[in-house]
Amino acid sequence: MRALAVLSMLAVVGLLAFCGLWIAELLLERSFADSLYKEVRRRPPHPFLQVMPSGQVDHVNDQGFRGDPITLDKSANSLRIFTLGGSTTLGVSNPYQESYPYLLQQELRSRHPGVNIEVQNAGSAWYTTAHSLVNYELRVRRFRPDVIVFFEAINDLTRSFAPPWYSVRDFAPDYSHYLGPYARFAGPQTEFIDSSTWLAIHAAKRAVGEDPNPFNQRDPDNVARIAARLRPNDSPDFRSLPSYREFYQTLIDAVRADHHTLLLASQPFIYRADLSAEEHRLLFFAPLMCADHGTYPSLPAMINGMRLYNQAARELARTNHVPFLDFEANVPKTTGFFSDDVHLRRPANEILARMVADAVDAEGIVDAVVGRPRGDIRGVH
C-alpha cells in the first residue's frame with residue numbers, strides 16, 4: 001500500500017514537472033517570437049538584400065549608404081566613387097572616420113583640392129558577390145558612379161558550408177541554403193547546436209555556462225567550446241568557388257555595361273601558419289560560419305581557401321582587363337591591423353585607402369572625369 005502511494009506521488013511529481021517544462025517551453029518560444037518581431041519592425045529587412053547598414057554602423061545617409069548625404073544628380077567638377085563589399089568594406093568594427101571608404105575620400109580630397117570627391121560606402125555585413133551584384137543593380141547604379149571599387153572573398157567562402165544554425169539545408173549554388181542573419185526566422189532551435197533538446201533544458205544549461213551560443217562570436221571561450229564539439233578538416237570542399245566566379249563575372253559585366261570604371265582587389269586576412277595562441281583566440285569564422293556536418297575548416301584550410309578565392313578574383317580582373325589591387329599582400333597579418341579573421345583596424349584601412357587613391361591617380365580617373373563636358377555621365381576604362 002505504501003509502495004503504491006509512493007508511486008502515485010512520483011507520478012504526480014513527474015506530471016507536474018512535465019507540465020512545468022512544457023509551460024516554460026511555450027513561454028520561451030513566445031519570448032523568442034516577440035523579440036524577433038520587435039527587431040524586424042525596428043529594422044525592416046530589404047526583401048532582396050538581407051540586412052542593411054542602418055542597424056550596423058553610424059553615419060548612414062537616407063539612401064542607406066555609409067557616407068554624407070547624396071542626390072541622384074552629380075554636380076559639375078565632381079568624382080563619385082562607390083565601394084561594394086561585405087562587412088570589411090562597410091567597416092562594422094570601425095567608426096565612420098576609420099573606415100577605408102572615408103579615409104579614401106579624405107586622401108583623394110587632399111590630393112585634388114579643387115575637385116568635389118564623393119565616396120559612398122555601399123558595403124554591408126554578410127554580403128557575398130551575389131549580394132553585391134543585386135546591391136549594384138537595385139541601389140547603386142541609379143546614382144551613376146564614376147568608379148566602383150570591389151573586393152570580397154570570405155563571405156562567399158563561408159557559403160561553401162551549411163552550419164546548422166545559419167542554414168536550412170545543404171549547399172545550394174545560388175546560396176539559398178545559407179540564411180545567415182535571418183536564420184533565426186526558422187525558430188529558436190537554431191540558437192543551439194543540438195536542436196533536438198527542449199528549449200527550457202537548453203536555457204537552463206546556458207544559464208550555468210554549459211551550452212555555447214553559435215551567435216556569440218565575440219567571446220573566445222564560447223567560440224572555443226563550439227569548436228571543441230567539431231572536428232577540424234584540412235581539405236574541405238570549397239563548393240561555392242564556381243558560384244563566386246559566376247557572380248563576380250556578372251558584376252564585372254554589369255558595371256562595365258554602364259561604362260563605369262571598375263577597380264578590383266583581393267581581401268586581406270590574418271591567417272598565418274604560425275599564429276600565436278592569443279592571435280588564434282581572435283578567430284571565429286571557421287567554427288561558427290563554416291561548420292558543416294560536425295566539421296569545420298582548419299587553419300591551413302582557411303589559408304588555402306582565401307588564397308583560392310583571391311586568386312579567382314585576380315584571374316577575373318586579368319581576363320577582363322580590369323585593374324587589380326593586392327590588398328592581401330600589403331596588409332601585415334598581425335593584430336595591429338586585424339581585430340579578427342578579416343575585419344580591419346584603422347592602420348589597415350589606411351593602407352587600402354592609399355592603394356585605391358594611387359590606382360585612381362595612376363589611371364588618370366580624376367582628370368578624365370572632371371575634364372568631361374558637363375552632363376556626360378560615362379565613366380572611363
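Trainee: Why is D292 called buried?
Mentor: The model is a predicted one, and in it D292 has a relative accessible area of 8%. Buried means under 20%, so D292 is placed in that class.

Trainee: What makes R239 partly exposed?
Mentor: The relative accessible area of R239 is 27%. The class of partly exposed residues lies between the 20% limit for buried and the 50% limit for exposed, so R239 belongs there.

Trainee: How do you know that the side chains of R239 and D292 meet in a salt bridge?
Mentor: The distance from N to O is 2.6 Å. A salt bridge requires a side-chain nitrogen of Lys or Arg within 4 Å of a carboxyl oxygen of Asp or Glu, so the pair R239 and D292 qualifies. The pair links distant parts of the chain, 53 residues apart: R239 is in the loop between β4 and α8, and D292 is in the loop between α10 and β6.

Trainee: What makes the contact of K74 with D146 a salt bridge?
Mentor: Their side chains meet at 3.3 Å, N to O, which is within the 4 Å limit. K74 lies in the loop between α1 and β1, and D146 in the loop between α4 and β3, so the pair ties together parts that are 72 residues apart in sequence.

Trainee: Are K74 and D146 buried or partly exposed?
Mentor: K74 has 30% relative accessibility and therefore counts as partly exposed. D146, with a relative accessible area of 1%, is buried.

Trainee: Why is it said that D221 and R281 tie together separate parts of the chain?
Mentor: D221 lies in helix α7 and R281 in the loop between α9 and α10, so their pair ties together parts that are 60 residues apart in sequence. The salt bridge between their side chains has an N to O distance of 3.2 Å. D221 is partly exposed at 40%, and R281 is partly exposed at 38%.

Trainee: Why is strand β2 described as largely enclosed by the rest of the structure?
Mentor: Five of its six residues are buried, so strand β2 is largely enclosed. Strand β2 also pairs with β1 in the parallel sense, over six bridges. The bridge partner of L79 in β2 is I117.

Trainee: What is the volume of the largest pocket, and which residues are closest to its centre?
Mentor: The volume of the largest pocket is about 970 Å³. Of the 33 residues that line the largest pocket, V51, Q56, A125, W126 and P181 are the closest to its centre.

Trainee: Which element gives the largest share of that lining, and how is the lining divided by class?
Mentor: Helix α1 gives the largest share, three residues. By class, the lining has 18 nonpolar, ten polar and five charged residues.

Technical notes
Residues are numbered from 1 along each chain as its sequence is written. This is a predicted model: local features need pLDDT of at least 70, side-chain atom pairs count only at pLDDT 80 or more; totals for chains, interfaces and linings use all residues. Side-chain values use heavy atoms; hydrogens and water are left out. On a 1 Å grid over the protein atoms alone, a cavity is a set of points where a 1.4 Å probe fits but cannot get out, and a pocket is an open set with protein on both sides within 12 Å along at least five of seven lines; lining residues have an atom within 4 Å of a point. Grid points are joined across faces, edges and corners, and a volume is the space filled by probe spheres set on the points. Helices (H or I, at least four residues) and strands (E, at least two) are DSSP runs, numbered from the N terminus. Ala, Val, Leu, Ile, Met, Phe, Trp, Tyr, Cys and Pro count as nonpolar, Asp, Glu, Lys and Arg as charged, and the others, Gly among them, as polar. Buried means under 20% relative accessible area, exposed over 50%, partly exposed in between (1.4 Å probe, protein chains only). Two strands pair if DSSP finds at least two bridges between them.
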